[in-house]
2 protein chains.
Amino acid sequence: MPKPTMDDVARRAGVSRALVSLALRGSPKVSPRSRDAVRRAVAELGYRPNLNARNLASNRTRTLGVIVNDLHNPFFPVVTDGIKSAVDALDYRLLVTSAFLDNENEAAALETFIDLGLDGIIMTGVRLDQPSIERGARSTPLVVVSRPIASDALDTVNNDDVAGARLATQHLIDLGHRHIGHVSGGDAAGAPLRRAGYVGAMRDAGLKPVVAVGAFTESSGVRAGEELFDSFEECTAVFAGNDLSALGVLDVIDGRGLAVPDDVSLVGYDNTFVAALRHVGLTSVDQHGERLGRIAVSLLIERLEHGRTEARHEMISPTLVRRETTAAPKM
Amino acid sequence: MPKPTMDDVARRAGVSRALVSLALRGSPKVSPRSRDAVRRAVAELGYRPNLNARNLASNRTRTLGVIVNDLHNPFFPVVTDGIKSAVDALDYRLLVTSAFLDNENEAAALETFIDLGLDGIIMTGVRLDQPSIERGARSTPLVVVSRPIASDALDTVNNDDVAGARLATQHLIDLGHRHIGHVSGGDAAGAPLRRAGYVGAMRDAGLKPVVAVGAFTESSGVRAGEELFDSFEECTAVFAGNDLSALGVLDVIDGRGLAVPDDVSLVGYDNTFVAALRHVGLTSVDQHGERLGRIAVSLLIERLEHGRTEARHEMISPTLVRRETTAAPKM
DNA sequence: CTGAAAGCGCTAACAT
DNA sequence: ATGTTAGCGCTTTCAG
């Protein structure tokens, strides 16, 4: 049994194909009688519209795509939830894809979405180079979440990473710490700004910044943590660039028989569910990922349905969530 | 500048459109000369094939879809990684979508993938009712990962949940525990079998099973954990149906001022990265999610490229990963 | 090896 | 309110 097409429905309902098309999309210029006949025929035949045909003919897909760099990082599901909740209120479909931590995959995912003719694309946690992203943005409205990109070809939504990093660092300083290290995310999205915020806060307080470079993963956090404690013995507090690397640092601290927060205080970034586990209790900076996701969708909608063309770059303020991993240093 | 079409490429390369089509897909029956002309024209024009048109005309998409129920559960990214690595070796595209823990979304995601004409679909962690899944499987080859479904309409890949639960429970029994509770995932995929494995192992050892029902999330683990410790005071060990709920139980244990493993031993399931954090060190059962994912892809390929039509149900053996949360009970 | 021609299933003017 | 008619951009016979 080949799949029924619109022609089958039309024949069965005793109307023309065009009318079926209208009826299916809820046009008001279809008589209740015809509408009903169509509805019945659709049900009887189990008809489903062929999206490729529809998209091709209409040159629209009513579909938004999300490209996530790393499904393993618990921050991204939060953003995606925000996107999802915003899209649900609209009449759009949502496709998600993961780049699996790989630039080439990211480029491929972007091309696929563009080639599919998606109406809009949201990229989050992307590592892809700016020119490639901008090239994509020329084909399809594009918003980048959680990576600051100065470009008038696309929109961005970010938390203020510098402010967030300052919040974290200042919190440690206020507690009385003087020897505060930073585990950076290297060149990952947001990492340079967080590092800058940390360095700025340290300088302002007349303290010496000490940075070890990781990559926003737990394993890189372990490596950078080892490096930090090896070279910076006085260290009594660490600000890690994200929660995942903070967990790596926590492993190092545990491994060295040190106690948190008695011997070392620790702050993360992203306020993921892992930070919130009572057993972990990681003090962390909250980017408000859901809100970032919702804003991303609204930016897309502005372009799609209200014809905005000039770029917008939104920024929201992060907040510090204090938990059990930070305390005043032992004397 | 409207996007260049195949006609533009053909004109520029001085050949016919059909030839461009062949050349693009690497057909051997194109002269090197033409092939080169096409390649050059494509590059100069920045031509990209319109996938909707291609899919419509060829009635194939060379695309596989993955539907994940809950992006927040760190188990699924592991499965997805396996899928991804298997797909990379083949010439298929991969689309992922999340059902965001919601049956209706799952149904919608499935329909979207079918309506898009994807060549094959993998569902993992799905909660959708079996008839709906089977209906989907009638349109598109479908494999369900990590949920046992006895059906000859679709393929499944599972770890042996009963054996895994027995492994976990027996480990606790072998350590000397007699009062072992179970936090179940309720009717979530795999949960009933894990519960059955636990009950079986307990019965075999002449011990009384005590079950609290959760839902495979951390928060449900907290609720079920409270319930368990409230009603089962002698309890010295808990087998949680997955790592997420084990983390919830861990919160409860911490909250009651109990120590792990000195006062209570704890075992999870899935062996996610959170279990492996040294700071958590959760003993857990490993389903070998990557392998599940790779097998899922190979099942799809068997149907797609080797014409298999009868259903296959694969089962792999889980293994226990011992860490710091399990020890002999204090006397 | 190449070109002509017929669709894939649907939408979108345009008529009526 | 409904039907007619062109396509959308591509693949795929089929001739040559």
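I take Ala, Val, Leu, Ile, Met, Phe, Trp, Tyr, Cys and Pro as nonpolar, Asp, Glu, Lys and Arg as charged, and the others, Gly among them, as polar. I note that this is a predicted model, in which local features need pLDDT of at least 70 and side-chain atom pairs count only at pLDDT 80 or more, while totals for chains, interfaces and linings use all residues. Residues are numbered from 1 along each chain as its sequence is written, and chains are lettered from A and ligands numbered from 1 in the order in which they are written.

**Entry: DNA strand C.** I looked up the residues near this strand (C-beta atom, placed from the backbone, within 6 Å of it), and by class the surface has twelve nonpolar, seven polar and four charged residues. Of the 23 residues around DNA strand C, A:Met6, A:Ala18, A:Ser21, A:Ala53 and A:Ala57 come nearest. Two or more residues each are given by H2 and H4 of chain A, and by H2, helix H3 (32-45) and H4 of chain B, where helices (H or I, at least four residues) and strands (E, at least two) are DSSP runs numbered from the N terminus. H4(A) gives the most, with five residues.

**Entry: DNA strand D.** The surface near DNA strand D divides into 13 nonpolar, seven polar and six charged residues, and H4(B) gives the most to it, with five residues.

**Entry: chain B against chain A.** I then turned to the interface, where 38 residues of chain B are in contact with 38 residues of chain A, contact meaning that the C-beta atoms, placed from the backbone, lie within 7 Å. On the side of chain B that touches chain A, the largest share, six residues, comes from E2(B), and by class that side has 18 nonpolar, eleven polar and nine charged residues.

**Entry: two helices of chain A.** Helix H10 (residues 218-231) and helix H11 (residues 243-255) of chain A pack at an angle of about 50°, with their axes 7 Å apart; the axes are lines fitted to C-alpha atoms over the stretch in contact, and angles run from 0 to 180 degrees between N-to-C directions. H10(A) and H11(A) are therefore oblique to each other, since angles under 35 degrees count as roughly parallel, over 145 as roughly antiparallel, 65 to 115 as roughly perpendicular and the rest as oblique.

How values were computed:
Two residues are in contact if their C-beta atoms, placed from the backbone, lie within 7 Å.
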